[in-house]
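Let's take a friendly walk through this model, looking at its charged pairs and then at one of its helices.

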Amino acid sequence: MKAEPTPLATGIPTEVPLPEAPLVRVIAQVRFPPILSIRKEDSVADFQEELRASYPHLQRNEVRNIDIRPGQDPSVSEAVIWRLADRQEPATWRVSLGVDFVALEAWKYSSRQDFLNRLRRVLASVEACFQPAEALRVGLRYIDRLEGEAMDRIGDLIQGNFLGILQPGIGQFEPLREATVHSMTQVQLQAAEGMIQGRWGNMPPNATYDPETLQPTGKPSWVLDLDMFSPQASPFRSEELAAMTGTFAERIYSVFRMMVTDQFLKFYGGTP
């Protein structure tokens, strides 16, 4: 008997482009064993030159990490992160390089293929300039935010099973739905290629659960945050890592399509 398609294993749906998609951030990250020379300007020069045509603005950021463990004094460590952006603030694309990771971020996402092509080039540059021994973790994250009219139509745009108390028409619980200002669901899903950390729900104005990634907004919003990753180590081969990220993108899209309705696709300019 043929197995039924499932968003976590099989049955990738055909992508429906959304010209007005509520996507606010896409992040791909690959972690590798520390390469201390990345702290030095001279060591990063070739990497910058590889990508400078697309990301001409370079910044050197120094960050402090504080590790607090029970029964121990806090441990403070300093790190250098190089940021290469397509323009001055606000950037629409940015590459971040640290001693143990590289990331590509998009604030204006045109297509999955464009993102993967850019990621492939970034990973190839890391491979050529630094030859990391292996990839320790590969991750891909998509964050959507619904605001304004979409909040008024949330029951039409998102499948009811994922709305919980926010689902319209819940009878005696309607006063609780109308009084809810913050409700967040968090799950971890086992998919065929790795794990998906999912988080979704409504947020009040000027609130965020991740200040580094999701900027607060002045309006009430409903957020869908899907983060897929594999902590299994593999050789650092740029083509294979880009292909793995492409598979993650398809899997995340399968879960996304299970959660949204055809009205969602139409509302944001798609043709189901």
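## Salt bridges

The model holds 13 salt bridges, where a salt bridge is a side-chain nitrogen of Lys or Arg within 4 Å of a carboxyl oxygen of Asp or Glu. Side chains of opposite charge can pair when their charged atoms come close.

A word on the ground rules: this is a predicted model, in which local features need pLDDT of at least 70 and side-chain atom pairs count only at pLDDT 80 or more, while totals for chains, interfaces and linings use all residues. Residues are numbered from 1 along each chain as its sequence is written, and side-chain values use heavy atoms, with hydrogens and water left out.

Which residue does R25 meet in a salt bridge? The partner is E105, at 2.5 Å from N to O. R25 sits in strand β1 and E105 in strand β5, so this pair ties together parts that are 80 residues apart in sequence. (Helices, H or I of at least four residues, and strands, E of at least two, are DSSP runs numbered from the N terminus.)

Are these two side chains buried or exposed? R25 is buried, with a relative accessible area of 4%, and E105 is buried too, at 6%. Here buried means under 20% relative accessible area, exposed over 50%, and partly exposed in between, using a 1.4 Å probe and protein chains only. R94 joins R25 and E105 in a network of salt bridges.

## Pairs with more open partners

E62 and R60 also form a salt bridge, with their closest N and O atoms 2.6 Å apart. E62 counts as exposed at 57% relative accessibility, whereas R60 is partly exposed at 39%.

Another salt bridge joins D114 to R118, with the closest N and O atoms 3.4 Å apart. Both residues lie in helix α2, four residues apart, or about one turn of the helix. D114 is partly exposed, with a relative accessible area of 25%, and R118 is partly exposed at 25% as well.

Helix α2 covers residues 112-130, and its 19 residues should span 27 Å at 1.5 Å a residue; the end C-alpha atoms are 27 Å apart, which agrees. The expected span is 1.5 Å times one less than the number of residues.

The buried residues of α2 include F115, L116, L119 and F130. What do the buried residues of α2 pack against? Their partners include β1 (23-31), β5 (101-106) and α6 (238-259), with contact meaning heavy atoms within 4.5 Å. After α2 comes Q131, whose phi is positive, near 45°.
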